Amino acid sequence: MIRKATLQDIGQLSELFDQYRIFYQKEPDLPAAEQFLTERIENRDSEIFVAESEGEILGFVQLYPIFSSTRMKRYWLLNDLFVHENYRGKGFSKQLIEKAKEIAKSTNAGGILLETGKTNDIGNKLYPGCGFELYDEVNFYEWTNQKD
């Protein structure tokens, strides 16, 4: 079952979120993960949906609202998608992506944007299989205020 995350999910969700960050070579920090997700839910900064089975959260997707000035439309940034390794290959990622698409449609958004590493073989197969197109006509740049 896919449903919207609530504050009651913070315990399980934070553990998955911490695993997600570790996957991207970040140091584990469960208390910070709990605080970060609590703030996102309380401040309504993002939309978080969880894949759940028998009371256990197996995965999540987090979407942030962004806007395109040239298109004069809202877009959604699919920033985080993660399924616990024991439940991969069972369709949960696709279900979470479909939920993200439903949100984009229901908010009349222009679409969903995402990025993933060139070495993320699973993601680079998953996203095109779910209808996403690789957009390589622009260069992606990043400026950071600090190294983390």
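Guide: Phe17 has a relative accessible area of 6% and is therefore buried; buried means under 20% relative accessible area, exposed over 50%, and partly exposed in between, with a 1.4 Å probe and protein chains only. This is a predicted model, in which local features need pLDDT of at least 70, side-chain atom pairs count only at pLDDT 80 or more, and totals for chains, interfaces and linings use all residues. Residues are numbered from 1 along each chain as its sequence is written, and side-chain values use heavy atoms, with hydrogens and water left out.

The rings of Phe17 and Phe36 are stacked, because their centres are 5.6 Å apart and their planes stand at 15 degrees. Rings of Phe, Tyr and Trp (its six-membered ring) pair if their centres lie within 6.5 Å; planes under 30 degrees apart count as stacked, over 60 as edge-to-face and the rest as tilted. This pair links distant parts of the chain, since Phe17 belongs to helix H1 and Phe36 to helix H2, 19 residues apart. Helices (H or I, at least four residues) and strands (E, at least two) are DSSP runs, numbered from the N terminus. Phe36 itself is partly exposed, at 30% relative accessibility. Over the face of Phe36 lies Arg40, at 4.6 Å from the ring centre; a charge sits over a ring if NZ of Lys or CZ of Arg is within 6 Å of the ring centre and within 35 degrees of the ring normal.

Ring pairs join Phe17 and Phe36 into a cluster that also includes Tyr20, Phe23 and Phe60.
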